[in-house]
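Subject: Structure handover

Hello,

Here is the structure I promised to pass on. Please open it first, then read my notes beside it.

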Amino acid sequence: MPMSEGKDFLADSPLALASGAPDFGAVDAEEAWIAVIRKMDETYAELVRQQVELEEKNAALEEAQGFIAGLLGSMTDVLIACDLAGRVEQVNLAAERVFGQLADALTGRPLAALLDPSSPTSASDVLATAARRQRIADREFTLATPEGPQAVSVNGALRFDPRGRPVGVVLVGRPIGELRAAYHALASAHEHLKRTQQQLVHAEKMASLGRLVAGVAHELNNPISFVYGNAHALKRYAERLITYLDAVHGGADAAALARTRGELRIDRALADIPATLAGMLEGAERVRDIVADLRRFSSDNREAREVFDLASVVRSAVDWVAKSQMPDLAIRVAIPEGLEAVGHPGHIHQVLMNLVQNAVDALEGRPDPRLHITGERLGGPDGERVAVRVHDSGPGIPEDILGRIFDPFFTTKAVGKGTGLGLSICYRIAEEHDGRLEAANHPEGGAVISLILPSAARP
Ligand SMILES: Nc1ncnc2c1ncn2[C@@H]1O[C@H](COP(=O)(O)OP(=O)(O)O)[C@@H](O)[C@H]1O
Ligand SMILES: [Mg+2]
């Protein structure tokens with residue numbers, strides 16, 4: 001580079017002027033000084049501006065820090081921030097309280113040192129989870145506190161620096177005591193509810209068993225008293241016949257025998273014996289049938305699907321439930337000859353006993369109680385079905401509860417009278433039979449409950 005060029009360059013520079021180069025004039029020097037001072041002014045002004053900006057930023061930073069400190073301080077959950085090696089970097093006030101130590105004493109310590117040896121989750125566990133970039137969700141830590149081990153439920157995740165590199169782990173622990181207490185309260189309430197429901201189910205079973213026994217006992221009573229009365233008559237006839245035969249074998253004369261025969265009313269006894277015997281036989285057969293029904297309808301063989309006659313099931317259900325409880329009930333059963341269904345006759349019997357029982361309950365205390373049971377064949381897209389409808393002359397079912405009567409435990413009856421399980425059991429039985437149960441009110445009054453079942457005529 002030529003020397004002259006370097007000289008020119010220096011001549012423009014305030015630095016060159018400041019160095020007091022001897023070959024410059026006084027005017028030039030003054031201008032140069034003014035330039036220098038102006039430059040210094042500008043620099044100073046820039047410095048002041050930066051200082052103000054810095055102070056503003058500082059103030060904002062302090063405010064943000066205060067806010068964060070306030071947040072951390074008012075958190076009731078324990079917060080621990082540690083580096084990737086598990087060394088504690090920061091804790092909040094709740095952590096200070098739990099560990100009974102100031103933040104300074106806690107920072108720098110390994111996370112593992114803050115845990116009780118009984119902790120179900122270890123420090124290395126959560127650090128490894130975080131390192132895999134998985135969330136730490138509801139893990140249980142047992143903290144070593146001056147008051148002894150304290151369980152907390154821990155949530156946490158990796159912490160990143162502004163450039164997105166992982167620098168540590170943030171953990172938040174919530175004391176499990178409260179959660180556990182709430183859980184236990186819930187569990188015991190649930191347990192209590194379950195027990196109450198079991199008691200109700202048991203009560204329903206006992207009540208329907210009781211009704212069944214009462215109904216069957218009432219049914220058996222008739223033929224048995226019939227048999228009993230006829231047996232007594234036969235016993236008297238036998239005594240008279242023996243007395244008469246004794247007279248015959250004792251060699252009494254014809255006139256005495258005729259007199260004795262008249263006194264003992266032997267001819268009447270002989271004429272009565274066939275009818276008395278037939279009556280006894282009929283009573284015994286009725287008892288046998290009732291016992292057979294009882295066997296058939298109380299068997300609990302769920303697999304036993306059979307084709308059965310609906311009329312006999314309905315008849316027996318009505319007899320067993322209604323006759324003993326409501327002798328003045330006018331019962332009309334209109335089931336066509338040979339209407340058959342497929343299923344478990346015992347379970348269908350149970351459904352019908354429940355429906356008749358509900359009708360009897362609805363009719364209690366009402367004048368002119370009537371029960372009308374009809375059967376019919378139904379066509380349909382999915383084959384032939386049969387329906388049995390139980391219609392009573394009671395008050396009917398209020399519209400607003402029609403949708404709920406099949407719910408378990410729904411009842412409008414007094415405690416001890418109803419459990420609300422009858423219809424829900426019936427509903428389930430109907431479904432198990434590929435059938436259904438429907439409730440409605442009859443236009444002329446009273447409730448109509450319909451049981452629809454697959455027909456025996458279906459392919
Ligand atoms: N024939 C009926 N007439 C009027 N209401 C009825 C009839 N059948 C059932 N209900 C109503 O349905 C409710 C539920 O019946 P159910 O499940 O058998 O339970 P429970 O008989 O124990 O109350 C009854 O409490 C009653 O309110
Ligand atoms: Mg009932």
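Start with the shell around ligand 1. By class, that shell holds seven nonpolar, eight polar and two charged residues. Please keep in mind that this is a predicted model. In total, 17 residues surround ligand 1. The closest are Thr-411, Thr-412, Lys-413, Gly-420 and Leu-423. Helices α11 (345-363) and α12 (422-432) each give at least two residues to the shell.

Now zoom in on the polar atoms. Which atom of ligand 1 lies 2.8 Å from a polar side-chain atom of Asp-392? It is a nitrogen atom of the ligand. Thr-412 also takes part. An N or O atom in the Thr-412 side chain is 2.4 Å from an oxygen atom of ligand 1. Thr-419 uses its backbone instead: a polar backbone atom there is 2.9 Å from a ligand oxygen atom. How much of ligand 1 does the protein cover? On its own, the ligand has 540 Å² of accessible area, and the protein covers 94% of that.

Thr-412 sits in the loop between β10 (385-392) and α12. Is Thr-412 buried or exposed? Its relative accessible area is 62%, and the cut-off for exposed is over 50%, so Thr-412 counts as exposed. Asp-328 is 84 residues away from Thr-412 in sequence, and their C-alpha atoms are 25 Å apart in space.

The record lists "coiled-coil region" for residues 37-64. In the model, that span is 100% helix and 0% strand. Its end C-alpha atoms lie 40 Å apart. The record also lists "domain: PAS" for residues 64-134. That span is 44% helix and 14% strand. Its end C-alpha atoms lie 29 Å apart.

Thr-129 is in helix α6. Is Thr-129 buried or exposed? Its relative accessibility is 6%, and buried means under 20%, so Thr-129 counts as buried. Leaving aside neighbours within four places in sequence, Thr-129 is in contact with Gln-134, Arg-135, Ile-136 and Arg-139.

Arg-133 lies in the loop between α6 (123-131) and β3. Check its backbone angle: phi is positive, at about 65 degrees, although Arg-133 is not a glycine. At 56% relative accessibility, Arg-133 is exposed.

Asp-138 is in strand β3. Asp-138 has a positive phi too, of about 50 degrees, and is not a glycine. Its relative accessibility is 59%, which makes Asp-138 exposed.

Thr-142 is in β3 as well, a strand that covers residues 136-145. Why does Thr-142 count as buried? Because its relative accessible area is 7%, and the cut-off is under 20%. Look at what touches Thr-142. Not counting residues up to four places away in sequence, the list is Leu-115, Asp-116, Ser-118, Ser-119, Pro-120, Pro-149, Gln-150 and Ala-151.

His-232 is in helix α7, which spans residues 176-249. With a relative accessible area of 35%, His-232 is partly exposed. Thr-276 is 44 residues from His-232 along the chain, and 9.9 Å separate their C-alpha atoms.

Arg-332 is in strand β7 (residues 330-334). Which residues does Arg-332 contact, leaving aside its neighbours within four places in sequence? They are Leu-371, His-372 and Ile-373. Arg-268 is 64 residues away from Arg-332 along the chain, and their C-alpha atoms are 39 Å apart.

Best wishes

Terms used: Residues are numbered from 1 along each chain as its sequence is written. Chains are lettered from A and ligands numbered from 1 in the order in which they are written. This is a predicted model: local features need pLDDT of at least 70, side-chain atom pairs count only at pLDDT 80 or more; totals for chains, interfaces and linings use all residues. Side-chain values use heavy atoms; hydrogens and water are left out. UniProt positions are given in the numbering used here, feature names are shortened, and annotations may be inferred rather than shown by experiment. Helices (H or I, at least four residues) and strands (E, at least two) are DSSP runs, numbered from the N terminus. A residue is near a molecule or strand if one of its heavy atoms lies within 4 Å of it. A polar contact is a pair of N or O atoms within 3.5 Å; within protein, one must be able to donate a hydrogen and the other to accept it, and residues adjacent in sequence count only if both atoms are side-chain atoms. Accessible areas come from the Shrake-Rupley method with a 1.4 Å probe; for residues, only the protein chains shown count as cover. Ala, Val, Leu, Ile, Met, Phe, Trp, Tyr, Cys and Pro count as nonpolar, Asp, Glu, Lys and Arg as charged, and the others, Gly among them, as polar. Buried means under 20% relative accessible area, exposed over 50%, partly exposed in between (1.4 Å probe, protein chains only). Contact means heavy atoms within 4.5 Å.
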